[in-house]
Every structure is written in structure tokens, then in C-alpha cells.
Amino acid sequence: MFKNYVKTAWRGLLKNKAYSAINILGLATGMAVSLMIGLWVYYQFSYDRFLPGYQEAYSVKLRTSNNGIINVDAGTPLPLAEAIKQNVPGIKYVSQPNWIATHLFSNGKKKIFQNGAIEGIDFLKIFQYPFLEGNSNTALQDPYSIVLSQSTAKALFGNEDAMNKTVRFDNSQNLKVTGILKDLPSNSTLQFNYIVPFSYALQNYSWLSKDMDNWRDNSFETFVALEPNVSYDQVEPVLRELEKKYNPEDYKVNKAEVIMQPLKDWHLYSDYKNGVAAGFIDYVKMFAIIGLLVLIIACINFMNLSTARSEKRAREVGIRKSVGSLRSSLIYQFLIEAILTALIAFLLALLFVELLLPAFNSLTQSDIIIPYHNVFFWVIITGYVFITGLLEGSRPAFYLSSLNPVKVLKGTFKAGKASSLSRKILVILQFSCSIALMISTIIIYQQIEYAKKRPAGYNENLLVNTDISGSLQQNYEALKNDMLQSGMVTTVTKSSSPVTDIWGNQRIDNWEGKLPGESLNLSTVAVSDADYFKTMGMQIISGRNFRGLPGADSLSVLLNEAAVKRMRYKQSLNQTITWHDVPQRVKVVGIVKDAVMTSPFSDAQPTIFAYNPEWANVITYRLAPTVNTHTAIARLSEIFNKYNPAYPYEYHFTDESYAAKFDFEMLIGRLAGIFAALAIFISCLGLFGLAAYMAEQRTKEIGIRKVLGASVPHVWILLSKEFIVLVVISCIIASPAAYYYLYAWLQQYDYRITINPLVFILAGVAAILITIITISFQAIKAAMANPVKSLRTE
């Protein structure tokens, strides 16, 4: 019997090739979109779960409260690790710090910069990355050891075995290779190419020793692993009290508590909003909903075309019922047909995904594959095809099986108003979703463009920076003089961070107007000379610049406008403040105009600029506008190699770093645009099929109207107006729904657009034009047909 059902379904598809093609293409497109989004969602949830024991791994964070606002930060003090070991039962391993940095590695003439980590001895026990050689018990025991990734080992040693060989680290120490890790997959939150033990840093960085007992410097990350049978709830009460016990002075101010976040949540919940974990999960949910909506839109096509063609299949139903077929058998027949259509569409969708996956991976910077070898994948896909078939076939099956055989066989059956109304409702639902996606794409694009046009507060044109390494710090003055004398640059300065980022912050303990119990952290930029603001193109709006003389400004600072506002200064110049770990009070000597140094979508961070050449990490210089860029870089390479011969010359253009700040929002915008276009395409496919069917059904009516004098435009309006009205209704429904969700989405940005009503009008007009174009072919074709041919049977 089942075989007969399949044969009948197959013959039905072949008999109506045009409608079958529209159904299958639309459904295949919808299934391809939902499958690709499903693979992407699965990929996002797979982060870090490839590690054995990932359930026990946690990062330690500090939760503080300031003026009613709860902040959660990954930075923790160095002595916290030892305090956890001594006070918290149920903790198996503790590792500190997680210190990501770029260093120079050399082996003979081979020199490469690599990004990696300085980690505690238990790091590779907490995170069980697979070793190709070596093991986690011994790899980080020796202070002068190093663990390399597979690709880094190959880059340094070629095809030789790197184990137990030495590499030169920062041109200062030889480190022995004690382990080689398999290259980390792209779905690893932590990314590094080497690991150096923290014991090495303790022996070679003298400034670290004073931080071993410093509970006020929260510059380090701490990781722990719980015992297998211990839960977070069991260790939480003791953890929360550690700051109160060991750092009571700060606890009185910020009520700091130690909390932990499980490894499985790092990728999707990387941000905290007033103490509540949030982050990329919001976008994962959003695109999962989009994938489901696109699939529903595709299923609606099948429902509408099947029920619209009910008169064509009514006689078949009548005959089957008259010879004894049960309604359940008919439902079964139509569902088999729908599932067969879904299966064919899925095979086509699989082909689409295979062809488009490389481009999608490139766009999303993912490494997604279709897991053909995974049995669970095929179980999911089987259910996916089956449910899709039921979803698309349920309404036609129940509707067609309910037809009265007497009316059908007498020829008196006509599809009723209920059938027409439900079809219209489904078309409205289709286009409401599509128009909402279209509006979303426009709003996202406007938000990105709005932020791009925001004044940066500095001039990124021809601005270049180089990280300080090797001998650059001690040779800075000579290097700067040579750079200026070469004519390749106009200004040079050095600072603690590039102008497109801020790498430090300091807690301000006292200032004029401080409220009882109030604490304040200011983003901090250390400046080395009087040329900083000139080089960056930043504006000092009141007061003076640093003098740039040794010792002259060690107790002078400049504030930006955001810091002045945050500190509630009415008159900020010459105010004195006390900040963390600096016993003397420092004086505010100038105010700097706000600049976009972090996110272009956020307000400028309250920032303090301090004079301290020793804190410099970056050299920034502006290329001369009259010199060719390639010529300038080539000449500067020679100068840098003169003063820092052990390190290769590397540089970063500020305008490229600034543009990279928009990458995430640009990705969201592109994806939303692609899915909106596909949703419109699928909806239009269904509309095209409905228009063709409606024109076919009204052939005789159109012939009579033409004989009676109706013009082509009149017939075109007759066939088009119903669809246009449905799309207008869709616009009315989609607009408030889209506004509600987009308004909520925009609230995450401090610097944001106001939603313009013209956006909804533009999206509505575009939808109506697309509708007119889609149905006009069939409408005009029917209007221009010879009425003699349609009426000759009468």
C-alpha cells in the first residue's frame, strides 16, 4: 500500500511539473537557509565542548557594585589563585594568569612573531588540549620550557622533530620545547600558538613580584577546574567571601564578590549587562528564529498552491471516496506526497548548502562542515524532513480529504470563502515576515553608516603604529630623531596603547565631589611626550598639554570630556585627585575632546591621560602626505631594523584597525540582508504560482470581459489588486512588529539612530513593487490572450 502511495505521489508531481518545480524550488531554498543556519547555530554551541572535562572548567570573575550598577570583570588579582587553593574545597586545579601576548621566536635565521599565552602550571590540566608530543604533567614544570602549537613548531623547525630543541624567546632567553599541541580548532574560545610557564615570567619580569600580594591590581585572569563530583553551587558560598576576607578595604567600597563562569558559556555569554550574562547568544537566537521563519514561508507556498488547486484534485478525492476510501487513507496519501516533496527539496537543499558553505564560512569566519559521518545528524535530518513534510502537507491533506464526494462528482463543488480566506492569511503571514526582515536590514545598515560617519576625535589618515619590542624602548629618542629627519613622517610619539584601543584602567580613590562609598575606574592612557595629541590629531579644548620634559609632568594629568562629566566637575582645571597605587595627589592640567578609542557604537569612555614614558607599549607615527606610502614603509623598515635588529619590523594602519571595529555589525547586516532577500524570493515564488493559477481559473471570465471591451490595463488591475491589497496589509502588520524588536536591538548601543518612519514606507513601497513585478507577467499574459481561444468551448 505504501508503495502505491509513493507511486501516486510521484506521478502527481510529474503531471504538474510547473507547480511541482515552484514548490520544490521554494521549499529547497527555505530548507537550505534553515539547514545552514542550523549548522551555524550548532557550531556556535560547539565552542570548547571538544575538550575532555569541559564541564568542570571555569573562569573566575569579580562582580562589583558601584552606584547601583553591577559590573562583572574577568580581571582578578594575582594572590586570588593561592587564596582559592587554601580556602575552597572541591577545587581540583587553579591556574593563573591567562596572559595573552605577542612575542618574537627565532631558530637560527628564522624569526616569527607569535601570539600566545603565559599560563600557570595547571593550565593544560584544566584545558585538556590534545598533545602530539609531551604531556600536561611535565610540559610546564621547568620555568625555561615552552609548549608550541603544531603549526608554530613547523614554522620554526620545518619537518624536524621540535621536541627537546630550543627556541630563542624575545632574543633574550633560550626555551626548551617540552610539548607540541595539535593546532586549536576555530571553535576554541582561547586561541594561542605557544604557552610559556608563569614561573618564567616571575623570574624574568621583576615588576611581577610586587603583584604577588597585591589584591588591588585586577590585571590577571584566573581559571579553575572543579573535582568531578563537585558543583558550582557547592563552592560558590566560600568563593563569594574571598574578597571580603583578603581585601576588606576595597570590599567596603565596591562590595566585590568572586564568581565563576563555566567554559561552555564563554563564547555565547561573553558579556554582562548589569551583572546578568549576555552576549552573542542573542544573535544566535535571532538567526535561529529567522531560519525557522524562512522555512515556514517556504511551507506556506506548498500549502497555498495545494489548496488553491483543490478544484483540480477534487474529482480525484470524490472518486476515491465513492469507491470506499477512508478519510484517513486520503490524509495519509496527501501527507506521503508532501513528505516526498520535502525529501526531494531536501536533496536539492543539501546541494545548495554544499555549494554555498565555503562562501558562508568565509563570510562568518567559521569552519562549518556537514557532518555526514554523524549518526545523530541523520536522525535530526530525518525528523527535519518528516516534520517539514507534515508542516507543509497538513493543511492540504485535511482540507482535501474533507471534501463532499456528492458535490464533487455532480460538478457543484467550488472552493469556499474559508479556503480563500485562509490562503490570504498565509500570504499575509509570508509577506509580513519578509517585510519585517527587509526593514531590519535597512535599520542595521543605517546604524552602521551612522556610526561610521561619527567623528572619531582623531585623524586616522596615514597614522601607523608599531608595538614596542626588543631595544625600541631604550633607543626610542634616537629612533624618533631618525624617523623625523628622514622626512617619511611628520610626528612620532609613544603611549601605553594605540589610539583605537585602551589597554589599562586605574581606580580613582578621591576627587572633589566624590559621594560617600563611591568608587570610580577611569580608562588610562600613558603618554610619553608632548607630541601625543598632535600625532593623533586629538584636540585639547582647555588647559595645557604635557611639557614633555623629564619629571615636569609626573604629577599632571589630562581628562577627556566624559571623565569630567562622570566626576561631576563644574570647574575641572587644577583639581587634584588621588588614584590607585599613587600616594601623591595629581593635578588636572587640561581637558581633551572626547575621541572614539573603543567601540564606535558606545559613548566615549571616561579617560585619564597620564605622563609616564615607562608605561609605553606602542610607537605611533604619521606618514608624510607628500611621500608614497610604500616608499615610506620601506625607509622606516630600515630605520627600525637599525635600532632593533633582532626583531622584524611590523606595523598597523590605524584606519584599518578602526574599520575592523565594524566587522561584527557588518556581518549581522549582511546575513540579515541575505536572509531577507531569500525570504522575499521564496514569497514571490509562491505569489507567482498563485497568480498563474488564478489567471488559469479566470480564463473564461477574462475572455468575456475582453469581448465586452475591457482593456489590458483593466484586466491587469483585476488580477493584481487582490495581491497588492494583501501585501499592503502585510506592511501594516510587519511595521509595528519590526519597530518593537529593532527599537529593543538599538538600545544596546549608546550611539544609535532614531528609527525614521520613512524606513517603513520605503520597505512597503519596495514590497509592493516586487509584488507587482512578480504577478505582472502572469497578469499581462492573461490579459493579452486571445478571447476566442478561451471561449470557443462555449
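Predicted model: local features only at pLDDT ≥ 70, side-chain atom pairs only at ≥ 80, totals over all residues.
Local features were taken at pLDDT of at least 70 and side-chain atom pairs only at pLDDT 80 or more, while totals for chains, interfaces and linings use all residues. Residues are numbered from 1 along each chain as its sequence is written, and side-chain values use heavy atoms, with hydrogens and water left out.

The structure holds 46 aromatic pairs, where rings of Phe, Tyr and Trp (its six-membered ring) pair if their centres lie within 6.5 Å. Planes under 30 degrees apart count as stacked, over 60 as edge-to-face and the rest as tilted. For W40 and F287, the ring centres are 5.6 Å apart and the planes stand at 85°, so this pair is edge-to-face. W40 belongs to helix α2 (residues 17-45) and F287 to helix α10 (residues 281-308), so the pair ties together parts that are 247 residues apart in sequence. Helices (H or I, at least four residues) and strands (E, at least two) are DSSP runs, numbered from the N terminus. Both W40 and F287 are buried; buried means under 20% relative accessible area, exposed over 50% and partly exposed in between (1.4 Å probe, protein chains only). One aromatic cluster is formed by W40, F280, Y283, F287, F664 and F675.

The rings of F123 and F192 also make an edge-to-face pair, because their centres are 5.9 Å apart and their planes are at 70°. This pair links distant parts of the chain, with F123 in helix α4 (residues 123-126) and F192 in the loop between β9 (173-181) and β10 (194-197), 69 residues apart. F123 has 0% relative accessibility and therefore counts as buried. F192, at 7% relative accessibility, counts as buried.

Charged side chains also lie over rings, a charge being counted if NZ of Lys or CZ of Arg is within 6 Å of the ring centre and within 35 degrees of the ring normal. K452 lies over the face of F662, at 5.9 Å from the ring centre. R454 is placed over the face of Y751, at 4.3 Å from the ring centre.

Side chains of opposite charge can pair when their charged atoms come close. With a salt bridge defined as a side-chain nitrogen of Lys or Arg within 4 Å of a carboxyl oxygen of Asp or Glu, the count comes to 11 salt bridges. In one of these, R63 meets E257 at 3.3 Å, N to O. The pair links distant parts of the chain, R63 lying in strand β1 (residues 57-66) and E257 in strand β12 (residues 257-262), 194 residues apart. R63 counts as partly exposed at 22% relative accessibility, whereas E257 is buried, with a relative accessible area of 18%.

E257 also meets R240 in a salt bridge (3.3 Å, N to O). Here the link runs from strand β12 to helix α7 (residues 232-240), which holds R240, across 17 residues. R240 is partly exposed, its relative accessible area being 25%.

A further salt bridge joins K264 to D265, with the closest N and O atoms 3.6 Å apart. K264 is partly exposed, with a relative accessible area of 36%, and D265 counts as buried at 18% relative accessibility. Salt bridges that share partners join R63, E236, R240 and E257 into one network.
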